Every structure is written in C-alpha cells, then in structure tokens.
Amino acid sequence: MHSLHLIDLPLYIVIVFVLFKIDSNVFKTYKFYLMWHTLINVVTEFHNCFLMLPVVHLPYPLLRATGLLADLGFSGLFQFYFLSALIIQTGCSVMEMFYFRFKASVFDYETRGFTKFIKVFIFAFRFLTILFPAITFGTFFYSIQLQEKYKKELAMKDPSIPEITCYSSVLAAPFSDSVMISTMITWLGCIICTFSVIPSTTIYMNSYLKTTKNMSPGVVKMQKMLLSSLIVQTFVHGIMLGVPNLMFIYAIYFGSDFEFAAYFAFICLTFHGFLSTIAMIIFTKPIQSGLLEVIRFIGRKMLRISKCQSNYNSE
C-alpha cells in the first residue's frame, strides 16, 4: 500500500496549495477549516504507515508497533494514544466545519433556538478534545505500569505469543481501571456529540436553504454545494473510521481470528483522508477550478521544458 503515497501525498500538497490560493468571500474562512482537516489526514496517514506501522496478534486485542517510533524507543501505548488523539481531532475538524457552515448559511443564527442546541455539543466536543490527551498523557506512566501488569497476565495465560510483553505492544483492557474507564467515557462522549450535531445540522440547513430569502440564488447554490461536499466527506469518514472502531470493539469483547478484517480496518483508518479528499474535489467546484488551473500551469511548464530540450538537441 505504500505505493499509494506516490499519488496521495502530491494530491494533499496540491489541495492545500489550491485552498490557500482560492480567493472567494464564501471560502474566505472556510478554506482554513478544510486545510486543517486535510493536514490532520496527512499526519494520521503518516503516523499509521511510517511512525506506528501496527501489527495485530489475534485473537487478542493486542497491537504491536513496528515503525519508526518503535525503533526510537517509544512505547506502544504512547503511539496508540497519539493515534486516538488524531482520530478525535478528525472528528473535531468535521464538527467545526458543520458549525461554521451553519453560521455562514443561517443569516440570523444567533437568535435561533437551534443555535443553543448545537452550541452545547460543539463546546462539549471541544472540551473532550482537550480532555482526552489530558487524561491519557497526564496518567501515562501509571498506565504504563498497568499495561505491564495486563500483558504479563496474558503472557502467563498464553505464552505462545512472545511479543505480548514487548515495550512497543499495547493491550486493550477497557473498564479495567480508572484511566481506561475515563478514556472510554470520553470517547463515548465524542460519539454522542458527533451523532447529535451532524444529522440535525444537515436537516436544519437543508430546510433553511430551501426557504431563505436573505441570500441571492447564486450564494444559496454555493452554500448547498459546500454543504453537499461536507456531507459526502463526513459519510466517507463515518464509514472508514466507524467500521474499524466497530471491529476493534468487537475484538475487545469477543475476540477475533479474522486477520484480514483487522488489517482491512487499519487500511480504512489510514487512507480515509485520501478518499475524503477525492470527494472534496468531486463535490467542490472552486477546488476543481483551482486544481485544473494548477494542472494547466504544470502542463505549460512541462511543454516549455520539452520545447527547450528539443531545440537544444537540434542544435
């Protein structure tokens, strides 16, 4: 799968450049949310493919990091916490984009009762985004001790997997101690906020844009296009992040010997940003126009180089 980086890494770079260059009143602030979201996708992909590079040890919910961070001596727990924080950041960026689209689309949003509803979950998610790393990294050394205990117990139960006690391995043990309970509750809170805001905001904005008289038809069309693009991106994230999470939860409580499903889940987790970026390009016309302009510019440059090379060879 590393060959895919030859395609998606240049695409990420070009998209960030295109977003930065777009000069539109509608895109004036929103493009920075898209850039933030894209950069999180890049970091998540780089972390999974190079820094962490996880290996599963089924039927146990045991992951072992084999990437660059493991070579540098970072524990598997630290790498797992960092990945979890990135996933929450992804959710936060999506929530913030929906909130921004709501404020940009609804002319008198400050006076509407729905605004109070959405604000509760938005601010709760922001708090949880800060709380999660505060809990996990604030109790890190205590959690390391607990990890050693859990892994030794499993090693005594099944000594056939020597990697269990490796420093770069991490064993999922939900609801086994106060730290794990706190992180699981925080994670559940993020899920509740996400499923409360995204569907309700989508329905509300669709209804508002159909009946509003505060915007010109062109602006309404642009707002609908941006909302549709955001919905498709969110759907991609929901599938490619939601399915791995469901598989992981299933493996924790029931165990699993289906190794292909485990690695397929990590592939989805790793490359969800790439498909999300493709969806963003397909459903967002300003990005399409900017991307075509970049392609034409590169084409003209290559054509000039080719002509210069031909003239040089003819001489």
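A residue is taken as buried when its relative accessible area is under 20%, as exposed when that area is over 50%, and as partly exposed in between. These classes are applied below to a predicted model.

Of the 315 residues of the protein, 48% fall into the buried class. The protein contains 10 helices and three strands. Read from the N terminus, the order of these elements is α-α-β-β-α-α-α-α-β-α-α-α-α. Along the principal axes, the C-alpha atoms occupy a box of roughly 75 × 65 × 30 Å. Among contacts with a separation of 6 or more, 77% join residues 24 or more positions apart.

Alanine 261 belongs to helix 9, which spans residues 259-283. Its relative accessibility is 15%, and alanine 261 is therefore buried, the limit for that class being under 20%. Methionine 247 is 14 residues away from alanine 261 along the chain, and the two C-alpha atoms are separated by 7.9 Å. Phenylalanine 260 is also placed in helix 9. With a relative accessibility of 59%, phenylalanine 260 is classed as exposed, because the value is over 50%. From phenylalanine 260 to glycine 238 the separation is 22 residues in sequence and 21 Å in space, taken C-alpha to C-alpha.

When residues up to four places away in sequence are not counted, histidine 47 touches Met52, Leu53, Leu69, Gln79, Phe82, Leu83 and Leu86. With neighbours within four places in sequence left aside, the contacts of threonine 90 are His37, Ile40, Asn41, Thr44, His237, Leu241 and His272.

Aromatic side chains were considered next. The count of aromatic pairs comes to 16. One of them joins phenylalanine 102 and tyrosine 109 in an edge-to-face arrangement, with 6.2 Å from centre to centre and 70° between the planes. The angle places this pair in the edge-to-face class because it is over 60 degrees. Both partners are buried: phenylalanine 102 has a relative accessibility of 0%, and tyrosine 109 has a relative accessible area of 18%. Phenylalanine 114, at 15% relative accessibility, is buried, whereas phenylalanine 117, with a relative accessible area of 35%, is partly exposed. An aromatic cluster is made up of Phe74, Phe78, Tyr81, Phe137, Phe140 and Phe141.

Charged side chains are also placed over aromatic rings. The charged end of lysine 31 sits over the ring of phenylalanine 20, at 5.9 Å from the ring centre. For arginine 101, the charged end sits over the ring of tyrosine 30, at 4.4 Å from the ring centre.

The volume of the largest cavity is about 50 Å³. The lining of the largest cavity consists of Tyr81, Ser143, Leu146, Gln147, Tyr150, Asp177, Val179 and Met180. Two or more lining residues are given by helix 6 (140-157) and by helix 7 (178-211). Helix 6 provides the largest share of the lining, four residues. By residue class, the lining comprises five nonpolar residues, two polar residues and one charged residue. Tyr81 is named both in the aromatic cluster and in the lining of the largest cavity.

Note on methods
Residues are numbered from 1 along each chain as its sequence is written. This is a predicted model: local features need pLDDT of at least 70, side-chain atom pairs count only at pLDDT 80 or more; totals for chains, interfaces and linings use all residues. Side-chain values use heavy atoms; hydrogens and water are left out. On a 1 Å grid over the protein atoms alone, a cavity is a set of points where a 1.4 Å probe fits but cannot get out, and a pocket is an open set with protein on both sides within 12 Å along at least five of seven lines; lining residues have an atom within 4 Å of a point. Grid points are joined across faces, edges and corners, and a volume is the space filled by probe spheres set on the points. Ala, Val, Leu, Ile, Met, Phe, Trp, Tyr, Cys and Pro count as nonpolar, Asp, Glu, Lys and Arg as charged, and the others, Gly among them, as polar. Rings of Phe, Tyr and Trp (its six-membered ring) pair if their centres lie within 6.5 Å; planes under 30 degrees apart count as stacked, over 60 as edge-to-face and the rest as tilted. Buried means under 20% relative accessible area, exposed over 50%, partly exposed in between (1.4 Å probe, protein chains only). A charge sits over a ring if NZ of Lys or CZ of Arg is within 6 Å of the ring centre and within 35 degrees of the ring normal. Contact means heavy atoms within 4.5 Å.
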